[in-house]
Amino acid sequence: MGRRTAIIGTGQTRHCSKREDVNQMELVYEAATAALKDAEMTVKDIDAVVLANMELFEGRALPDMWCGEGAGAFMKHAFKISTGGTSGTSGAISGYYHVASGLFNTAMVVGFEKHSDGNTSAGMALTDPFWDRHIAAAAIGNFALSVSEYMADRGVTEEQSAKVAVKARRNACNNPHAHLQMPDLTVKEVLESPMLAYPVHRLEMCPQSDGACAIIYAGEELAKKKCSRPAWVRAAVTRHDHIYLGEVKNRLSTIRSLKEAARVAYKMVGIKEPLKEFDVAEIYDPLTYAEIAWYEALGFCKDREGGRLIDDGLTRMDGELPVNPSGGVISTNPVGASGTIRVAEGALQIHGKGGKRQVPDVNLVLVTGYGVYCWSDVMILSGRPD
Amino acid sequence: MSDRFKGMVLEGKLDLPFSYSAGRTASRFFIELRDHQRIMGKRCPRCNRVIVPAQLFCKECFTKTDDWVEVGPEGTLITFTVVYRKESHHPKDAPLAYGIIRLDGADTSLVHLLAETDVAQLQPGRRVRAVFSKKRIGHILDINHFEMA
Ligand SMILES: [Zn+2]
């Protein structure tokens, strides 16, 4: 397991569709300085820096070079992690490894994306040139493609999907950083929004946001000294599935990368009944249907019961297991930061700094990342080191 | 609010040409498609799966594939979508339908275009058939699309 390691600070920008007041490096700087302030540290206290970004989405390579200094990388150990949608969680896991290894006492991870600077559709098209690029290059159809299969397999309805969108955008109203805050959104409005790609409506998809998020890790001794309630990393697991859409079997129902990562992480911590044992979950929901599919894959319920979980309100703020008090990726999506935001929001709940989105008495938090066609990260954070 | 600030925005565009080598295995796949209108997979000697399009090695067993196997041209529609908005990298105008198709004899599936764009006609499990392009150049779009069988 390595040495005990905790998140002791987090920082986020205000995420929105276009931030013309900052360039990419300044966006990174905004999150990094917010996290340092939260942890009551200076950049001198940071031993290692990890950047997470989709890189090609901004039409610019080498984000660690062009933006690293915004995270205090000057004359430090610093590099980037780029694994698609999981970049932000993989970066967070990398930061954890740095400190847990004992080779670094602190590490700062900054995930960021400035969608408005680039062309996401072109970024998505820069995939394998021989097969999928010519058919399914753009993001919306690519996700939507898996939904009709999932609906047929698991009997999920479009009303249940729309309820996820309503929950997310209402939760987002309690999060001052969130992009889409819609207090009065209804199921009817979601289903009446334009259909982008069958069966997915516009309000069932994540937006594209400009934003950055930073987290700071410290080893046990420093974490206890600097933070009254550190968010200890209890498990961090990554699994990658195949790369072509046709090779991934039943992407949403099967999601074997997420199931396997969760199985291993739950075993590390001794989780047997995730719905009961976790106090809050921040899961990476690129669209509404995925959130329901992840409920099943993460063992919150049996297969085919994900829709009922949302019908019964078990994942609302006042439910058995609040899922995405932040509003989730459906409400805020600077891709390279989206995973880091899940980790930061999870840590925030343990730190007790959730403000209006704080869930009472949080001890055990589940965090997930989802990327590319079928890659998954799972982290478990806790108020207790073991 | 910070997002209301109107700053200078640099507009621009880059050329992005490429010349990717397909390698021996995919080259043969494309040649079979171009010259014989045959869709070819390769079998993994360890797990026995027929992988389509043909690949040099099985990623689950990390073993080189050996026998070439012709699959299709008919298959089963696994899942589908219809995209209603034109995007610059799409091969056709909206509405654009595509699906994941399990060709007969294959153990992996192929993402490809569907001629049918009426959702009522497209259901997982429907049978489909490859329609080859008249002019073939050694490209995945030498299969022009799949039609309902
Ligand atoms: Zn094999």
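This is a predicted model: local features need pLDDT of at least 70, side-chain atom pairs count only at pLDDT 80 or more; totals for chains, interfaces and linings use all residues.

Colleague: How many of the 8 residues of helix 6 of chain A are buried?

Modeller: Buried means under 20% relative accessible area, exposed over 50%, and partly exposed in between (1.4 Å probe, protein chains only). The buried residues of helix 6 of chain A are Val147(A), Ser148(A), Glu149(A), Tyr150(A), Met151(A) and Arg154(A). The helix, residues 147-154, is largely enclosed by the rest of the structure because the number buried is 6 of the 8.

Colleague: Is Ala197(A) buried or exposed?

Modeller: Ala197(A) sits in strand 5 (residues 195-197) of chain A. Leaving aside residues up to four places away in sequence, Ala197(A) touches Ile140(A), Gly141(A), Ala144(A), Thr81(B), Val82(B), Val83(B) and Tyr84(B) (contact means heavy atoms within 4.5 Å). With a relative accessible area of 0%, Ala197(A) is buried.

Colleague: Which arrangement do the 4 donor atoms around the zinc ion make?

Modeller: Donors are N, O and S atoms within 2.8 Å of the metal (3.2 Å for Na, K and Ca); water is not among the atoms, so sites may look incomplete. The protein donors here are the SG atoms of Cys44(B), Cys47(B), Cys58(B) and Cys61(B), 2.3 to 2.4 Å from the zinc ion. Four donors count as tetrahedral if all angles lie between 85 and 135 degrees. The 4 donor atoms subtend angles of 103 to 113°, so the arrangement is tetrahedral.

Colleague: What spacing do the donors of the zinc ion follow along the chain?

Modeller: Cys44(B) lies in the loop between strand 1 (39-43) and strand 2 (50-51) of chain B, and Cys61(B) in the loop between strand 3 (57-58) and strand 4 (63-64), 17 residues apart. Cys44(B) is buried at 0% relative accessible area, and Cys61(B) is buried at 18%. Along the chain, the donors follow C-x2-C-x10-C-x2-C.

Colleague: How is helix 7 of chain A oriented to helix 13 of chain A?

Modeller: Axes are lines fitted to C-alpha atoms, for helices over the stretch in contact, and angles run from 0 to 180 degrees between N-to-C directions. The axes of helix 7 (residues 158-172) and helix 13 (residues 288-297) of chain A come within 8 Å and cross at roughly 100°. Angles of 65 to 115 degrees count as roughly perpendicular. Helix 7 of chain A is therefore, relative to helix 13 of chain A, roughly perpendicular.

Colleague: What is the omega of the peptide bond from Val52(B) to Pro53(B)?

Modeller: Most peptide bonds are trans. Pro53(B) lies in the loop between strand 2 and strand 3 of chain B. The peptide bond from Val52(B) to Pro53(B) is cis, with omega near -5°.

Notes
Residues are numbered from 1 along each chain as its sequence is written. Chains are lettered from A and ligands numbered from 1 in the order in which they are written. Side-chain values use heavy atoms; hydrogens and water are left out. Four donors count as tetrahedral if all angles lie between 85 and 135 degrees; four count as square planar and six as octahedral if opposite donors are over 155 degrees apart and all others between 65 and 115; anything else is irregular. Helices (H or I, at least four residues) and strands (E, at least two) are DSSP runs, numbered from the N terminus. Angles under 35 degrees count as roughly parallel, over 145 as roughly antiparallel, 65 to 115 as roughly perpendicular and the rest as oblique.
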